[in-house]
Amino acid sequence: MSLEKIEPIKKVSIIISKGSLDGIYPGLILANGARMEGIEATLFFTFFGLDAVIDKRMDKIKVATVGNPGMHIPTWIGGIPGISALASSMMKKEMDKIDIPPVREFIEMCSDAGAELYACKATVDMFHLKKEDFCKQIKEIITVGEFYEKSAGAQIIFT
Amino acid sequence: MSTEEIAGKMIEFDADGHMVNAKDWDETIAEELAKREGIETLTERHWKVINFMRKVFQEKGDAPSIRKLNKESGVDTKELYSLFPQGPAKKAAKIAGLPKPKGCV
């Protein structure tokens, strides 16, 4: 039997495709955590995940209170105006206690830590967005082909 | 677990290479541990991070993670990564004679 050495992970390529608080944070935690371990990290924002890096939207990210069984509240309550904002502000307070920063600060942290951030061209075109609509940490708007090129040798994680 | 002699002291290390007893640490040991991490000389900026980490550890019993370092140590994320390449929080904790930070961020 060959004794294969288990190689540690050297590079991760993380796709963030959802625009809710709970859709965005896992990818950011994974990317920042990778850099903290000396692992290379690339972040690719697509579809509603783009909200995390759109300058005007990134400070208004909310948790979904409707159609989210994990919230443990009846859907009709989740639909009352203001409930999502209330739940989001409560969650943000709890996160701050354990040193999880707001989205904008987290994006800056990932970028300063050396992670590379990209936006997906197909969705950018579909939503009629421009490079100027994004925070300055977005390096480039790239195609899926370029995403695969940049992910060479990486583990791809879809969130 | 392993024990090694550094600067005339017997130092105990855990499986990740962090010192087991933060009390055994001194500045000479830090310099030796830094060399093992590929950092030849500890500058005043390195010391700023190391001393901040030890202070937080004494107060809270856990080494600070990267966000706390960025916000409170006076050394920002970019510089932290250039001072301690390949994982600043972990590496600085190691040199400071502390266990690996428990925080995720």
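Mentor: Start with a definition. A helix is a DSSP run of H or I with at least four residues, a strand is a run of E with at least two, and both are numbered from the N terminus. Remember too that this is a predicted model.

Trainee: Where is the place of Gln86(B)?

Mentor: Gln86(B) sits in the loop between α4 and α5 of chain B. Its phi is near 65°, a positive value in a residue other than glycine. Most residues other than glycine have a negative phi.

Trainee: Why is Gln86(B) called partly exposed?

Mentor: Count its neighbours. Gln86(B) has 14 other C-beta atoms within 10 Å. Buried needs 20 or more, and exposed means 12 or fewer. The count of 14 falls in between, so Gln86(B) is partly exposed.

Trainee: What makes Asp99(A) partly exposed?

Mentor: Use the cut-offs again. Asp99(A) has 15 other C-beta atoms within 10 Å. Asp99(A) belongs to the loop between α3 (83-97) and α4 (103-112) of chain A. Its phi is positive too, near 65°, and it is not a glycine.

Trainee: How many helices and strands are in chain B?

Mentor: Five helices and two strands. The order from the N terminus is β-β-α-α-α-α-α.

Trainee: What makes the radius of gyration of chain B agree with that of a compact globule?

Mentor: Set the value against the rule. For 105 residues, a compact globule would come out near 13 Å; chain B has 13 Å, so the two agree. The C-alpha trace of chain B spans about 35 × 30 × 20 Å along its principal axes. Of the 105 residues in chain B, 36% are buried.

Trainee: How many residues of chain B are in contact with chain A?

Mentor: 16 residues of chain B are in contact with 13 residues of chain A. On the chain B side, α3 (66-72), α4 (77-83) and α5 (88-95) each give two or more residues. The most come from α3(B), with four. By type, this side of chain B has five nonpolar, six polar and five charged residues.

Trainee: Now the sheet. In what order do the strands of chain A stand?

Mentor: The order is β4-β3-β2-β1-β5, in an open sheet with parallel pairing.

Trainee: Why are β4 and β5 of chain A said to stand at the edges?

Mentor: Count partners. β4 (138-142) and β5 (155-158) each have a single partner strand, so one side of each has no neighbour in the sheet. The twist averages 25° from one strand to the next.

Trainee: How do you know that β1 and β5 of chain A pair?

Mentor: Pairing needs at least two bridges. Four bridges join β1 (residues 11-16) to β5(A), so the pair qualifies. Within this pair, Ser13(A) stands opposite Ile156(A). Helix α1 (residues 21-36) of chain A packs on the sheet, touching β1, β2 (40-45) and β5. The direction of this helix makes about 165° with that of β1(A).

Trainee: What makes β3 of chain A largely enclosed?

Mentor: Four of the five residues of β3 (residues 116-120) are buried, so the rest of the structure largely encloses this strand. Four bridges join β2(A) to β3(A), and four join β3(A) to β4(A). Leu43(A) stands opposite Leu117(A), while Tyr118(A) stands opposite Glu140(A).

Trainee: Which residues have the most contacts inside the largest nonpolar core?

Mentor: Leu43(A), Val53(A) and Cys110(A), in a core of 57 residues. The largest share of this core, six residues, comes from α1(A). Among the residues that Val53(A) touches are Phe45(A), Ile107(A), Leu117(A) and Phe134(A).

Methods: Residues numbered from 1 in each chain as written. Chains lettered and ligands numbered in written order. Predicted model: local features only at pLDDT ≥ 70, side-chain atom pairs only at ≥ 80, totals over all residues. Axes fitted to C-alpha atoms, helices over the stretch in contact; angles between N-to-C directions. Contact = placed C-beta atoms within 7 Å. Core = buried A, V, L, I, M, F, W, Y, C linked by C-beta atoms within 7 Å. Nonpolar A, V, L, I, M, F, W, Y, C, P; charged D, E, K, R; others polar. Rg over C-alpha atoms; globule rule 2.2 N^0.38 Å. Lists of a residue's contacts leave out its neighbours within four places in sequence.
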